[in-house]
Amino acid sequence: MAPSNAAPVRPLDETLKEYGRGLAGGLLFSLPLLYTMEIWWQGHLAPPARLLLYVAGMFGLLMAYTHVAGLRKDRSLAENVHEALESVALGLVVAAAVLKVTGQLPPTASASDVVGKLVMEGMVTAIGVAIGTTQLGTGGDQDDADDKPANRRGSLYEVAFALLGAVLIASNVAPTEEILVIAVEAPTISLLILVAVSLALTLAIVYYIDFRGSGRLEGHVLTGSPLFGGSITYAAALVASAAMLWMFGRFDEAGWSEVVRQTVVLGFPAAIGAAAGRLLLGGQQP
Amino acid sequence: MSPENQKPNGLEWAIAGLGALLILVVFAFLVTDLVGGASEPVRLRVTLGAPMSRDGQAFVPVRVTNEGGQTAEDAMIEVCAGASNCAEVSFAYVPRGSARDGVVGLQAPLDSTLQARVESYRTP
């Protein structure tokens, strides 16, 4: 339902509080990334085409999130774009401020270096802003939760939440050298165990340990079933892991074995993020 | 980010406009970069500053600028004042179009003209 022309304008103090929560969320979720030099380096190492895809992909995730879990009841495309753009603006400003204060945008840096760093850091921070805005509030409007489209349990939305959670958690370690070191040094049997543990943790978090929000999935045709739901969540974690590793150049000139092993290693934290993301980002339990 | 049944206020429109502008600028920059091409090889130019004497050493400021189209990784610069008075400084990354600063310490006094050369670098 689009707001009518007669609808009142939102009070400024409420907007400022939302932005405050957004800024807090951006810092809370993204500060480890803002302090990680491998991310800075990707700003000038990643080719322009890859950065473009990254911006488009992250904006798509933001749109999916604001569509399902945004503050507005109106879920029109225009509203989603508006909300996502606000998150992007705040995310880029936070990233620019932190990078500047920490000396990572020196006067000798070229425009491509600056843009690359801001894109790499700002888009992840924008997701933190969006999540902070919606999840860090006092919950005064929770009575309306059932009316929100967040509780329309579409499988596509569940996958989007899983991807968001995976990106949010695993992006902290995705660009680091340690993922490659573990991937090449761990014996194959260890990686198989890691797959089993990742899947088991996913199932446990989503279905068996009464994690906050897990009741929301009951009765869902596809994602409500542990077998399918767990597999979908872990698959989303692996897809997110592969995408992040590719983005950070970890697949460049790597053989298939190295690609798969790195994906499995990063898939462990990503699976935890995906499982928790599905429940925590997807709204409250009705 | 306004809740239901309320219209966005001026600040929200301004922030959303800023977000749209930033996205457009980033896209325009990256597309220009993509079309313009960044396939030129690394081209490092080294410039030396005035030496500063301290504690029997001459400290020479070094600036390396990458005028090529690719990032140079682990760039090693050697600065010499004569055949036996040399020092090196390395830079983890020198992105295209960017410059990095460093300092090398040589034995003072400097008897010969300062000379700098790029010893090595890697391309990512």
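The model is predicted; local features need pLDDT of at least 70, side-chain atom pairs count only at pLDDT 80 or more, and totals for chains, interfaces and linings use all residues. Residues are numbered from 1 along each chain as its sequence is written, and chains are lettered from A and ligands numbered from 1 in the order in which they are written.

**Chain B overall**

Chain B has one helix and seven strands. Helices (H or I, at least four residues) and strands (E, at least two) are DSSP runs, numbered from the N terminus. From that end the order is α-β-β-β-β-β-β-β. The C-alpha trace spans about 80 × 35 × 20 Å along its principal axes. The radius of gyration of chain B is 23 Å, whereas a compact globule of 124 residues would have one near 14 Å. That radius is taken over C-alpha atoms, and the globule rule is 2.2 Å times the number of residues to the power 0.38. Of the 124 residues in chain B, 30% are buried. A residue is buried if 20 or more other C-beta atoms, placed from the backbone, lie within 10 Å of its own, exposed if 12 or fewer, and partly exposed in between. Among contacts between residues at least 6 apart in sequence, 65% join residues at least 24 apart. A contact needs C-beta atoms, placed from the backbone, within 7 Å.

**Hairpin and loop**

Strands β4 (residues 72–81) and β5 (residues 86–94) of chain B run antiparallel and are joined by eight bridges. Strands pair if DSSP finds at least two bridges between them. B:V79 has B:A87 in β5(B) as its bridge partner. Four residues separate β4(B) from β5(B) in this hairpin, and B:G82 in the turn has a positive phi of about 95°.

B:P109 lies in the loop between β6 (99–107) and β7 (114–122) of chain B. B:P109 is exposed, because 11 other C-beta atoms lie within 10 Å. Its C-alpha atom is 8.1 Å from that of B:S53, 56 residues apart along the chain.

**Contact with chain A**

The contact takes 38 residues from chain A and 34 residues from chain B. On the chain A side, α1, α2, α3, α4 and α5 each supply at least two residues. The largest share, eight residues, comes from α4(A). The classes on this side are tabulated below.

| Class (chain A side) | Members of the class | Count |
|---|---|---|
| Nonpolar | Ala, Val, Leu, Ile, Met, Phe, Trp, Tyr, Cys, Pro | 22 residues |
| Polar | the others, Gly among them | seven residues |

Conventions: Contact = placed C-beta atoms within 7 Å.
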